[in-house]
Amino acid sequence: MMNRIKKIVKNGKVFLLLIFITLLVVYCKKPLVSPDRIKGVFTEGDLKRIEINDDRWNNTFETAVKLETQEIAEPKLTEPGVQSIRVKALHNGAWVVFILSWDDPTRDLVAQLGRFSDSAAIQFPATSGDLPDDAMGGPPDAASSVLIHQWKSVWQEASLGKLKGIKSFYPNTWSDLYIFEMVKEGSKDEMEKVYTTSVASQNPLAHHGTPVRDLEALGFSSLEYSSEQTSQGYGKWEKGKWTVVIRRPLVREQGFLQEGKMQYAAFAVWDGSHGEVGARKMRSIWIPLQLLAKEKAK
């Protein structure tokens with residue numbers, strides 16, 4: 001009887017030891033960190049639908065990217081907002097996906113008078129050759145073109161069908177007649193040309209149906225739509241933190257990315273409740289970017 005008890009106790013100790021070792025391995029596993037560059041690890045499978053909580057994000061490197069106020073072109077940002085973001089990247093040889101995360105205590109979704117939506121963007125040189133100025137390609141008289149993938153929380157809300165008419169922006173608004181909510185779909189496009197000139201002129205700050213837009217710039221104040229709309233993505237705010245996924249194909253006419261080659265990316269963040277919109281933003285300098293080849297993705 002005593003031998004059986006001793007055996008049970010012994011087996012119990014072994015079981016507890018195994019549990020302890022397992023927990024130790026899980027909690028003591030150091031996250032992969034790359035302080036000097038963004039390293040995109042190769043991964044198998046479809047990346048066009050990868051989610052924020054996908055386990056594959058645990059197998060790639062995280063890079064802390066410092067942001068600074070935009071103080072080059074007017075209107076400048078006078079007081080700093082979000083001062084750093086965390087960046088990870090994965091690729092499968094055809095698509096690359098970035099996940100950006102930063103602390104933000106306020107969730108700013110819709111733009112109203114004096115209020116703006118939260119936003120983030122990734123910038124790449126549009127062509128090979130000399131690296132452009134990191135400030136949207138530089139001053140207009142000496143600029144080189146850049147490609148920008150921008151995500152906006154207000155674009156995301158609109159793409160989900162959550163913004164329907166003026167009541168979405170100003171819930172307490174009352175009027176006898178609001179013409180846009182009375183017209184048929186066929187005539188609405190014509191009315192937009194008269195009454196919503198930002199949409200009619202294809203202003204990049206106006207919404208056009210997707211959370212992430214592909215834009216091009218050739219110097220300050222030259223932002224326009226790219227002829228290639230290839231990027232996708234979405235953002236999620238939870239417990240004072242934004243996490244945004246932006247994915248795109250490696251091969252594009254503008255902003256071509258290549259596996260194994262040292263390239264560059266820059267980042268920007270807008271905090272809507274801080275009054276940041278347009279040129280008023282926090283931005284980074286060029287950050288080295290390397291999409292690791294399959295055999296080197298360890």
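Q: Leaving aside neighbours within four places in sequence, which residues is Ser119 in contact with?
A: Ser119 is in contact with Trp102, Gln150, Trp151, Lys152, Ala268, Val269 and Trp270, where contact means heavy atoms within 4.5 Å. The model is predicted: local features need pLDDT of at least 70, side-chain atom pairs count only at pLDDT 80 or more, and totals for chains, interfaces and linings use all residues. Residues are numbered from 1 along each chain as its sequence is written, and side-chain values use heavy atoms, with hydrogens and water left out.

Q: Why is Ser119 called buried?
A: Buried means under 20% relative accessible area, exposed over 50%, and partly exposed in between (1.4 Å probe, protein chains only). Ser119 has a relative accessible area of 2%, and therefore counts as buried. The residue is placed in strand β6; strands (E, at least two residues) and helices (H or I, at least four) are DSSP runs numbered from the N terminus.

Q: What makes the pairing of the side chains of Ser119 and Gln150 a polar contact?
A: A polar contact is a pair of N or O atoms within 3.5 Å; within protein, one must be able to donate a hydrogen and the other to accept it, and residues adjacent in sequence count only if both atoms are side-chain atoms. The Ser119 and Gln150 side chains make such a contact at 3.1 Å. The side chain of Ser119 also reaches the backbone oxygen of Trp151, at 2.7 Å.

Q: Which residues of the largest nonpolar core touch the most other members?
A: They are Ile85, Phe98, Leu100, Trp102 and Phe267, in a core of 34 residues. A nonpolar core is a set of buried Ala, Val, Leu, Ile, Met, Phe, Trp, Tyr and Cys residues joined through side-chain atoms within 4.5 Å. Elements that each supply at least two residues of this core include β4 (84–91), β5 (95–103) and β12 (262–270). Strand β5 gives the most, with 4 residues. Leaving aside neighbours within four places in sequence, the contacts of Trp102 include Ile85, Ser119, Trp151 and Val269.

Q: Why does Ser221 count as exposed?
A: Ser221 has 78% relative accessibility, and so counts as exposed. Ser221 lies in the loop between β8 (212–217) and β9 (224–225). Its phi is near 60°, a positive value in a residue other than glycine.

Q: Why is Met136 called buried?
A: Its relative accessible area is 17%, which means that Met136 counts as buried. Met136 lies in the loop between β6 and β7 (146–152). Met136 has a positive phi of about 55° although it is not a glycine. Most residues other than glycine have a negative phi, and most peptide bonds are trans.

Q: Which peptide bond is cis, with omega near -5°?
A: The peptide bond from Glu74 to Pro75 is cis. Pro75 is placed in the loop between β3 (68–69) and β4.

Q: How many helices and strands does the protein chain have?
A: The chain has 5 helices and 14 strands. Of its 298 residues, 41% count as buried.
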